[in-house]
Amino acid sequence: MERNSNDVRGLLSRMPDNTAFKQQRLPAWRSHLTAWAVLPGFFTTGAFFLGMGILLILSAKSVKEIEITYTSMCSNCAKLRENASNFYKECTCSVPFFIPEKMPGNVYMYYKLHNFYQNLRRYTISRNNRQLLGEDITNVENCAPFQRDSNGIPIAPCGAIANSMFNDTILLSYYPHSSTRINVPLLSSGITWWTDKHIKFQNPRSNNLPSAFTGTTKPPYWRKPVYQLDPENPENNGFLNNDFIVWMRVAALPTFKKLYRRIHRTGPFANGLPAGNYSFDIAYNFPVTVFKGEKGVVLSTVTWSGGSNLFLGIAYLTTGAVMWLAAFSMTAVHLKMKKRNIVSES
Amino acid sequence: MALCTKKRPPEEERRARANDREYNEKFQYASNCIKTSKYNIVTFLPVNLFEQFQEVANTYFLFLLILQLIPQISSLSWFTTIVPLVLVLTITAVKDATDDYFRHKSDNQVNNRQSQVLISGILQQEQWMNVRVGDIIKLENNQFVAADLLLLSSSEPHGLCYIETAELDGETNMKVRQAIPVTSELGDINKLAKFDGEVICEPPNNKLDKFSGTLYWKENKFPLSNQNMLLRGCVLRNTEWCFGLVIFAGPDTKLMQNSGRTKFKRTSIDRLMNTLVLWIFGFLVCMGVILAIGNAIWEYEVGVRFQVYLPWDEAVDSAFFSGFLSFWSYIIILNTVVPISLYVSVEVIRLGHSYFINWDKKMYCMKKRTPAEARTTTLNEELGQVEYIFSDKTGTLTQNIMIFNKCSIYGRSYGDVFDVLGHKAELGERPEPIDFSFNPLADKKFLFWDPSLLEAVKVGDPHTHEFFRLLSLCHTVMSEEKNEGELYYKAQSPDEGALVTAARNFGFVFRSRTPKTITVHEMGKAITYQLLAILDFNNIRKRMSVIVRNSEGKIRLYCKGADTILLERLHPSNHELLNTTTDHLNEYAGDGLRTLVLAYKDLEEDYYEEWAERRLRASLAQDSREDRLASVYDEVENDMMLLGATAIEDKLQQGVPETIALLTLANIKIWVLTGDKQETAVNIGYSCKMLTDDMTEVFIVTGHTVLEVREELRKAREKMMESSRTVGNGFSYQEKLSSSKLTSVLEAIAGEYALVINGHSLAHALEADMELEFLETACACKAVICCRVTPLQKAQVVELVKKYKKAVTLAIGDGANDVSMIKTAHIGVGISGQEGIQAVLASDYSFSQFKFLQRLLLVHGRWSYLRMCKFLCYFFYKNFAFTMVHFWFGFFCGFSAQTVYDQYFITLYNIVYTSLPVLAMGVFDQDVPEQRSMEYPKLYEPGQLNLLFNKREFFICIAQGIYTSVLMFFIPYGVFAEATRDDGTQLADYQSFAVTVATSLVIVVSVQIGLDTGYWTAINHFFIWGSLAVYFAILFAMHSKGLFEMFPNQFRFVGNAQNTLAQPTVWFTIVLTTVVCIMPVVAFRFLKLDLKPELSDTVRYTQLVRKKQKAQHRCMRRVGRTGSRRSGYAFSHQEGFGELIMSGKNMRLSSLALSSFTTRSSSSWIETLRRKKSDSASSPSGGADKPLKG
């Protein structure tokens, strides 16, 4: 008896389990590319894309945008900046322009750099987030080649990104009449991500910002130390300076625009920028011609899908059209094959 | 275990002295411990790591890791490589460790087998591994021989002992070994303990049939030969016990010397994969060079000016050097085109498939309680590409059980059993077998279903009685009766055993014999016949006869033999009976039964006396004794009266004909390679429907010389071509033949042919100048049977096909003689559940029934191949899509080796985000249900033609990957170039771009795997959706505040996910990218389904074709038999036993009537046996009865 039960156990133990998993009989859905799934799928997706394409194009068209490249317009200044010895010389440049149509709603002012490679590998890693968190102000690890000045004093903020910060100042003036000039009120707040402003960048904890940065020096290309970036608004200084934060979020492509200011919607600008004559008054500090770059200013409104972006709309429209074309030809082929099959079967 | 590993210088000669361990230890011969394992606990880690780093891939990744540690070129953190590398090394190490553990276990099991060793005069139980050279060990009946022994003495007279060498050479008939006379008297332990002979012999070698040595004992020299040796792996049979002196032990035994090192087998996909990986490396270097040149130019044109903002590294002094560095940086970045996880994933998938094979209930044999086992886990997909199967016969196709199945007695056929449907019923379905209880001496294991035969016996039909009397008298079986009524027959061939047992059950019980008498219980009555002569069997005569005198004094000759021979020697009066019997014979032969014709002849006293006189003279003749004897025999075996015929079923394994038919339909060619005789092999060819009467012709090549063989092959080819020429598709064959290409016209010939080739002819056919001719001829035939082949020839045939046909070969066998071919073939399959395990140990897959082969190939193999191909296609696709984005980005980032993605994404992409769905597909995917792949064997074809993954498919995948990468980069590029966020802030920052591209990539490859997955189980769902979920979870976690605050410099993307993925523009981009990437694939696949559907597609969609195919299937199953006259004669018998019996040498003295013992021709029988052996051993073309050759 004993042996028998052992035998049975032995028999069972060697016998594979009869489970769906082990016998490869798991319940499963077998996917088929049937005409009933594919063709309607193509038609509906195509329709969706066509619809979205039109919608996107319309909304992109509704965006008002003006772009002015001022490198050539301010060629004097550009030339001046090519020589490093003129570092502390001021150079201003006024660029008049005309807005043909009213720019309704929120208007944003961007600076645009051409041919500026913020995405070089060694550039993008040349920063120290721990320093920027204000935790360890003298931590300049990873910041090569801008870690310390010639005296060995750590740079704050260190690194190539911070050092190359865009430092032109651009003012916008409105000329309702040829003689009247109104400075368009600009806001430097709200141009950063909340997470950047509140998590990624922190000033060193101290009552007095300048003293917090003692033991460090300003980046070599900067005119002022980091705690004096915005003389008007003491809150907007140190690592929490909005322009600094915007600059530190490096661009993906060598031509990029970064948000510079928002138009403060007060007074005559409550509903946006009215059509008319304007001018940019630019303190030209940032040299770009040395590397064959260009600078520009962009004024733009936004819609639900962001700024002007015709590419997306056109791409959607094209894709939708191609899908419909494909769907029609596939239907034709399918019907033909079906007929042939029926013929051959009969 | 340490003992096993000892290394010794090569031996010149071997000396072993019996019972003198001290003396023998001087030579440090290997002990009987065998070791197949590779590691032990201490050596595991270093040895295993060393082995792993011999893999090119692993070394390559190590190299990459070192590159990444150089700061100037480190474009990625070191952990992107080390994490996968460590993972890979660990997984492989664990696998190797488990494998080795099982090897240790099996070694231990063999090493711990018990054997009785004579130590200091006492027999002691010892483990096999403790047996030393020079020990004397005792073997008992049915035991495995533990080492190579010199036979000293045995329980049988004259130091004889019987062994079965199936393990070694696959021959199933028993062989005789004899101790040299001086030692054969050493029967008891005391004498043996005093034995101190010394053997000096050849060093260990792998020649199974040769041994030369000398025994020095008592100042005398005795030559030793193979005839005195018992080799490890043999089984002692019909011998109660024997003693042997250990000459070679453990690794030195001929068996182990023959087993050799297992060659590491690689699949063709492996090889293709390696080639492709090399190409990809080449591609990688090209990309690197292009980007490096780009970098040099960029630095020269732009970068040198941009130095204001980003000065060059201190080490970099020129644009050229920067380009050089950037080359290495790009190599690091782009290395993900050949991800390290590829190799691991492939292994995991194969492991999964292996488990499915192990778990398959339909490949589990209830009777033998053996599940199928995938012993090698690296060959699975090759199972789906097999084109040639080389099968052993005995034990593989047949069970090596002979069954008395039918007989024809005086024109009446007995033994047909019909079930309700009129089919010959399978064993299980048959009605009750007939009851032999009337006969107390009946063998209970004998079954017969036709009651009419028993009726005939009981009624006393004289012909039937004579029929069984013949069977009980005319044979060379020895009987043994341990207790009253418990009869054991020692048959030299299973055929004979079956016949004598049949007679026994039908009331004609062969009870005992002496050299001069045979005692038979006829229907309960003991009758002793006087045995006057045994006219022995041999291959030329193909018959044997006995001449007996019955109790009434009448002399009668009983003869059984091949129909072709015997039917010509009948008395003319048998004409009518002959016709009916011939019909029956044809019927039996058509069923694949082995037939013998039985006849008798009454002899006059005077005639006999005169004949006996002549026979005596012939047997005493000095020259050409054999010829003279033969002619004397011929003379008497004439004008015989036909009694009937027997039909013995060489019991096939279950489902063999069906399996062969199915595999043939799947375009797999089956060659039978057997050590058995031509007749037997052909017979089995018919019974398992490899050969049919429908075949145009069966060519038989039996030439003994090179010229003959060449001529025969040439004729065969000519015939085949002639017939196809008459079919007439008039292009010149000669022209094509002369072309060197082997895919010759012969492949396309009309008509079905088969080739049967004998071992000695094969030896010539395999010579370098003829092998192509042979192969061409053989491949043109639908079936090929090679008989009398040696183990080495088996391997050569496989090698030949491997070499020239570039086809995947599979060898299946059960015995040690199949080991060489199992190891040579791409895939070796061992039949398990038998006594021997040599074949199984050497095999890659093992199961216990030949019929499981169809499931292994058509279901598991097919699926494995399909899954592996789909897996590889997808894998290369996803990695190209992933990696090439960097290439395009290079043009926009000054070729600075900036990555598009976050480094964590790069680390995790292959091992987390995209690994499991494709693994699930690789493990679980099914295109058609398993039943369908059996119903439509043609579904197997894509694998054979290598259609699913080849260089073309690879390039398509790569192209698709590159296409995807282009869209993956340029669509976001187009969008980001201008766009801003809906709150007016910048959208086109690097981190948002990275997140957008990464997210679209993960979604696109997930959708793609969804498209590729044909069989969505819950697991697939879980993995695919899970991967997406995990991607987003990890994304948000990596971009979270907590991680950033802990490691601000490592997790720089803080807040990115929530900011980026909240933008509608980003989602529009992702949707657009996904649709544009996937849409062409769907459209293409849909059109392909419509315009050029594969069979598997058709099977999936329509059931219409199914009926047609089924009809065809059934048609194939029908037994095709026409009335062609064909001999079903086959008999696995060896010559010389008749003489042995008549000499009385093999009979125990106790059972002998000593008085009647005559010493006539007393020692010639063993001479005959020996001569036969040496004949075959000396020349393989001698073609005697032993295909044994190293």
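Biologist: Which residue forms a salt bridge with B:Glu198?

Modeller: In this predicted model, the partner of B:Glu198 is B:Arg15, and their closest N and O atoms are 3.2 Å apart.

Biologist: Is B:Glu198 buried or exposed?

Modeller: B:Glu198 counts as buried, because its relative accessibility is 10% and the cut-off for buried is under 20%. B:Arg15, in contrast, is partly exposed, with a relative accessible area of 27%.

Biologist: And what does B:Asp20 pair with?

Modeller: The side chain of B:Asp20 meets that of B:Arg17 in a salt bridge, at 3.4 Å from N to O. B:Asp20 has a relative accessible area of 21% and is therefore partly exposed; B:Arg17 is also partly exposed, at 26%.

Biologist: Which residues are joined with these into one network?

Modeller: Salt bridges with shared partners connect B:Glu13, B:Arg15, B:Arg17, B:Asp20 and B:Glu198 into one network.

Biologist: Are B:Arg14 and B:Asp252 buried or exposed?

Modeller: Both B:Arg14 and B:Asp252 are buried.

Biologist: Changing topic to the surface: which residues gather in a patch of negative charge?

Modeller: The patch consists of B:Glu604, B:Asp606, B:Glu609 and B:Glu613. B:Glu613 is located in helix H17 (residues 605–620) of chain B and counts as partly exposed, because its relative accessibility is 45%.

Biologist: Now the backbone. Where are the cis peptide bonds in chain A?

Modeller: A cis bond joins A:Ala144 to A:Pro145, with omega at about 5°. Another cis bond runs from A:Ala156 to A:Pro157, with omega near -10°. A:Pro145 is in the loop between helix H5 (129–132) and helix H6 (160–163) of chain A, and A:Pro157 also lies in the loop between H5 and H6 of chain A.

Biologist: Which residues other than glycine have a positive phi?

Modeller: Examples include B:Lys542, with phi of about 55°, and B:Arg788, with phi near 55°. B:Lys542 sits in the loop between strand E22 (525–535) and strand E23 (543–549) of chain B. B:Arg788 is in the loop between strand E30 (783–787) and helix H25 (791–805) of chain B.

Biologist: Buried or partly exposed, those two?

Modeller: B:Lys542 counts as partly exposed because its relative accessibility is 21%, whereas B:Arg788 counts as buried because its value is 13%.

Biologist: One last topic: in what sense do strands E18 and E19 of chain B pair?

Modeller: Strand E18 (residues 478–481) of chain B and strand E19 (residues 487–490) of chain B pair in the antiparallel sense, over four bridges. B:Met478 stands opposite B:Lys490 in E19(B).

Biologist: Which residue of that hairpin takes a positive phi?

Modeller: B:Gly485 does, with phi near 85°; the hairpin has five residues between the strands.

Conventions: Residues are numbered from 1 along each chain as its sequence is written. Chains are lettered from A and ligands numbered from 1 in the order in which they are written. This is a predicted model: local features need pLDDT of at least 70, side-chain atom pairs count only at pLDDT 80 or more; totals for chains, interfaces and linings use all residues. Side-chain values use heavy atoms; hydrogens and water are left out. Helices (H or I, at least four residues) and strands (E, at least two) are DSSP runs, numbered from the N terminus. Buried means under 20% relative accessible area, exposed over 50%, partly exposed in between (1.4 Å probe, protein chains only). Patches are made of residues with over 30% relative accessible area and no salt bridge: like charges are joined within 9 Å, nonpolar side chains (Val, Leu, Ile, Met, Phe, Trp, Tyr) within 5 Å. Accessible areas come from the Shrake-Rupley method with a 1.4 Å probe; for residues, only the protein chains shown count as cover. A salt bridge is a side-chain nitrogen of Lys or Arg within 4 Å of a carboxyl oxygen of Asp or Glu. Lys and Arg count as positive and Asp and Glu as negative; His and the chain ends are not counted. The place of a charge is taken as NZ of Lys, CZ of Arg, CG of Asp or CD of Glu. Two strands pair if DSSP finds at least two bridges between them.
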